[in-house]
Amino acid sequence: MKVALITGVSRETGLGYETARQLSALGYYVIITARDLFKAKQLAGPANLQAEQLDVTDPSSISALYRIIESDYERLDILINNAGAYYDRGQLVLQAEPQFIHQAFDTNLLGAWRMVQTFTPLLSRSDAPRVVNVSSGAGSFRDPQFGITTQPGATPVYSMTKAALNALTIHMAAELQSTPIKVNAVCPGFVATYEGTAAHGARPVSDGARGIVWAATLGADGPSGGFFRDGAPVEW
Ligand SMILES: NC(=O)c1ccc[n+]([C@@H]2O[C@H](COP(=O)([O-])OP(=O)(O)OC[C@H]3O[C@@H](n4cnc5c(N)ncnc54)[C@H](OP(=O)(O)O)[C@@H]3O)[C@@H](O)[C@H]2O)c1
């Protein structure tokens, strides 16, 4: 059975949990992780998933998880870097707190970076390793609804962390080009993971998760180093 690891799974209505359920339904063995192990355990039980503790900003937490997966499974087939936060709507870039900026990049960019650096040895033992960086249209330059040039000033810190995550995806894919590891960024679209957002046009979480699952289960002829929504390329 193939083993998938998902970061940032602490909420029943979050993209991480829905992605876990969809992968599980496809026959993958899914490990969900959260900063608060109790929250992950509450979600894991009913869905027959494995729950582990993980804070992507804490190298010792990442190392501990690595040791568990290496000892239990000796490899990793899918890594989904879903943990993300610091959606700073209404913040002025000239007044953003350095500590806030640091935490946002530490989680949204460096978290995914640390995870791939740490887990590459285990991914390398899979016959079809896939990494998905859950990005956002807010990290795209030209996204019509949320893009950096189309909506300048909106969610400035968050959008820069996701633009950087996209750049990281390109660099990682290039470095891993000669290996079977495929790395892609996926925008789930505007998804109703929080109450009240559906009224503002957010779509069902299951729709957003489907594009993440698509990138996580790409065949050998699938792309690497791309940016996708619903399985179709989107502009950087
Ligand atoms: N919803 C949308 O419309 C949308 C659109 C584009 C992109 N996205 C992206 O999709 C991903 C999932 O978002 P969501 O909407 O499903 O919201 P969510 O449920 O809040 O998911 C974010 C998860 O990241 C976790 N997290 C935060 N800091 C962490 C850390 N240091 N280590 C480990 N986990 C951490 C949160 O856990 P805690 O409970 O511990 O804080 C939470 O479980 C995010 O990367 C987000 O940027 C969402």
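Modeller: Start with α4, which gives the most to the lining of the largest cavity, with five residues. Helices here are DSSP runs of H or I, at least four residues, numbered from the N terminus. The model is predicted, so local features need pLDDT of at least 70 and side-chain atom pairs 80 or more, while totals for chains, interfaces and linings use all residues. Residues are numbered from 1 along each chain, and side-chain values use heavy atoms, without hydrogens or water.

Colleague: How many cavities of 30 Å³ or more are there?

Modeller: Rolling a probe the size of a water molecule over the atoms shows where empty space is left. The count is one cavity (points on a 1 Å grid where a 1.4 Å probe fits but cannot get out; lining residues have an atom within 4 Å of a point). The largest cavity holds about 60 Å³, the space filled by probe spheres set on points joined across faces, edges and corners.

Colleague: How do α1 and α6 cross?

Modeller: Two packed helices are described by the angle between their axes and the distance between the axes. The axes of α1 (residues 15-25) and α6 (residues 205-216) come within 9 Å and cross at roughly 65° (lines fitted to C-alpha atoms over the stretch in contact, angles from 0 to 180 degrees between N-to-C directions). Contact residues (heavy atoms within 4.5 Å) include L15 and L23 of α1 and I212 and V213 of α6.

How values were computed. Helices (H or I, at least four residues) and strands (E, at least two) are DSSP runs, numbered from the N terminus. On a 1 Å grid over the protein atoms alone, a cavity is a set of points where a 1.4 Å probe fits but cannot get out, and a pocket is an open set with protein on both sides within 12 Å along at least five of seven lines; lining residues have an atom within 4 Å of a point.
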